[in-house]
Amino acid sequence: MRFHVLTLFPEMIEQGIHTSILGRAIQNGYLQVETTNIRDFSANKFHRVDDYPYGGGAGMVMEAEPVFRAHQSVTEKLGRMPRTIYLTPQGKVLNQTMVEEFALEEDLILLCGHYEGIDDRVLQEVVTDYVSIGDYVLTGGELGAMVLIDAVSRFVPGVLSNEESSQFESLQDNLLEYPHYTRPEEWHGKKVPEVLLCGDHKKIDAWRHEESFRRTKERRPDLLENAFLITCACDETQPGAEQIHKLMDELTRYGKSIDLARKKIRRQKNRFGEKEFLLLQIPIEPAPDAPVMDPGEYTENFYGRKTPLVLILSGGEEMADEQWNEKAFLIESDLCARGFLIVALVREVPFGEGLKRFSFTLRDLIYTGKWKNEKILASADAL
Ligand code: 6GU
C-alpha cells in the first residue's frame with residue numbers, strides 16, 4: 001500500500017514513520033510513504049503558500065494553486081485519481097470500520113492543512129474524504145495523517161507478524177478487549193484468574209466475552225448503545241449458506257448460528273431481544289429439494305422485540321421483478337409483524353471483494369446505530 005502525504009512539514013511525517021513496526025514494514029516493502037512538500041509548488045518567488053482570508057478575520061489561508069499542483073504531481077505520476085483524504089477537525093471522526101475500509105485501497109493521498117485551513121475551492125476539486133481524529137483542534141493535519149497511516153497499515157498484509165496481529169481486537173463488536181495476563185501466576189499478591197489456567201477454550205472464550213462486556217460497561221458505556229449479539233439463521237443445505245458464514249466472520253467474533261434445515265430448530269421458539277441482530281437468509285422460492293415448501297415456514301417460530309434484521313432472500317433468479325417484489329413484501333410484512341425491524345433487504349451475499357464491501361456497509365450500519373435511520377435495499381451487484 002502506498003500513502004502519498006501532501007504537507008508543508010514533510011520532515012514531521014518522515015521522522016514519525018521510520019521507527020518500530022511501520023519502519024520495518026517500509027523496509028520490507030509492504031508499505032510506501034512518500035511525502036510531497038506543498039511549498040515546492042508555490043508560484044511565488046518567496047515560496048509563500050498562504051495569504052490573508054477574503055472577508056477578513058484572524059489567521060492565514062493556504063492558497064488553492066500550490067495544493068492543486070502538489071496533488072496533480074502525485075496523480076500524474078500514478079496515472080489515476082486515488083481517494084484523497086483531507087485531515088481536518090471538520091471531518092468524519094475516524095473509526096475502526098473506516099480504517100479497515102481505507103486499507104483496501106492501493107494508494108491514498110493524505111492532504112494536511114495548516115494555518116486556518118485551505119482555500120475551499122481546491123478542496124472541492126480534489127478531496128474525496130474529510131477525516132478528523134477526534135473532537136479537539138491540532139495545529140495541522142500531520143499528526144492526523146500519521147495516526148491514520150498507523151491504524152490503516154495494521155490491516156495491510158505483511159505489516160504485522162503473526163504474534164502482532166490479534167484476531168481479537170478492541171472495538172470489534174463495539175466491545176473493548178478483555179484483560180490480559182502473562183507469567184508469573186501471582187504478582188504483588190494478585191492471582192491470574194483461575195479460568196485462564198483451566199485449558200477449556202469454550203469456558204475461556206465465554207469468560208473473555210463477559211469481561212469484554214463488563215469493561216465496556218465500565219469504561220465506554222457509549223459503545224454498548226450499539227453493541228449487538230449477532231445471530232445468523234439460514235438453511236445450511238441451501239446454496240449461499242457458506243457465504244453468510246463468511247459474512248458473519250467479518251462482522252463479529254461472538255456470533256451465534258441457527259440451522260433452519262433442522263426441523264427441531266424450526267419447531268422451537270426462537271426469541272430475540274433488542275440487543276440482538278439477526279442475519280436471516282431464506283430462499284424466496286422453495287427449491288425442489290428444500291425441507292420446507294414456503295418461505296414463511298422457516299420463521300414461523302421466530303419472535304423479535306424490535307430486533308434489527310438483515311433479510312437475504314436468495315434464489316428467485318427467474319422471477320419477474322414485480323413478482324419478486326410482491327413476494328419479498330409479504331415476507332417482510334410477516335417478519336415486521338413478529339417484532340423485527342428490517343434494516344436491509346438483499347438478494348444474495350456478494351462474493352470476493354464485494355463481500356468485504358458489504359460487510360463494511362453492514363458494520364457501519366450496525367455499530368454506529370445508523371440502521372435506525374437508513375434502510376438499505378440492494379441486489380448484490382449494487383453493493
Ligand atoms: Cl485530522 N487535523 C487537525 N488540524 N485538527 C484535528 C484533526 C485533524 N483531528 C482532530 N483535530
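A residue is called buried here when its relative accessible area is under 20%, exposed when that area is over 50%, and partly exposed in between (1.4 Å probe, protein chains only). What follows describes a predicted model, in which local features need pLDDT of at least 70, side-chain atom pairs count only at pLDDT 80 or more, and totals for chains, interfaces and linings use all residues. Residues are numbered from 1 along each chain as its sequence is written, and side-chain values use heavy atoms, with hydrogens and water left out.

Start with Arg338, which has 18% relative accessibility and so counts as buried. Arg338 is in the loop between helix 12 (321-337) and strand 16 (340-346); helices (H or I, at least four residues) and strands (E, at least two) are DSSP runs, numbered from the N terminus. Leaving aside residues up to four places away in sequence, Arg338 touches Thr299, Glu300, Phe302, Tyr303 and Gly304, a contact being heavy atoms within 4.5 Å.

Next comes the ligand. It is surrounded by 13 residues, and the closest are Pro89, Ile133, Gly134, Tyr136 and Leu138; a residue makes this list if one of its heavy atoms lies within 4 Å of the ligand. Strand 5 supplies the largest share of the shell, 3 residues. As for polar contacts (pairs of N or O atoms within 3.5 Å), a ligand nitrogen lies 2.5 Å from a polar backbone atom of Tyr136. A ligand nitrogen is also 3.2 Å from a polar backbone atom of Leu138, and on the side-chain side, a ligand nitrogen is 3.4 Å from an N or O atom of Ser132. The protein buries 96% of the 290 Å² that the ligand exposes when taken alone, with areas from the Shrake-Rupley method and a 1.4 Å probe.

Most residues other than glycine have a negative phi, and most peptide bonds are trans. Arg183 and Pro184, however, are joined by a cis peptide bond with omega of about 5 degrees, and Pro184 falls in the loop between helix 6 (142-153) and strand 8 (186-187). Ser20 is not a glycine, yet has a positive phi of about 55 degrees. Ser20 belongs to helix 2 (residues 20-27) and, at 62% relative accessibility, counts as exposed. Lys306, another non-glycine, has a positive phi of about 55 degrees. Lys306 sits in the loop between strand 14 (302-303) and strand 15 (307-314), and its 55% relative accessibility makes it exposed.

How values were computed: A polar contact is a pair of N or O atoms within 3.5 Å; within protein, one must be able to donate a hydrogen and the other to accept it, and residues adjacent in sequence count only if both atoms are side-chain atoms.
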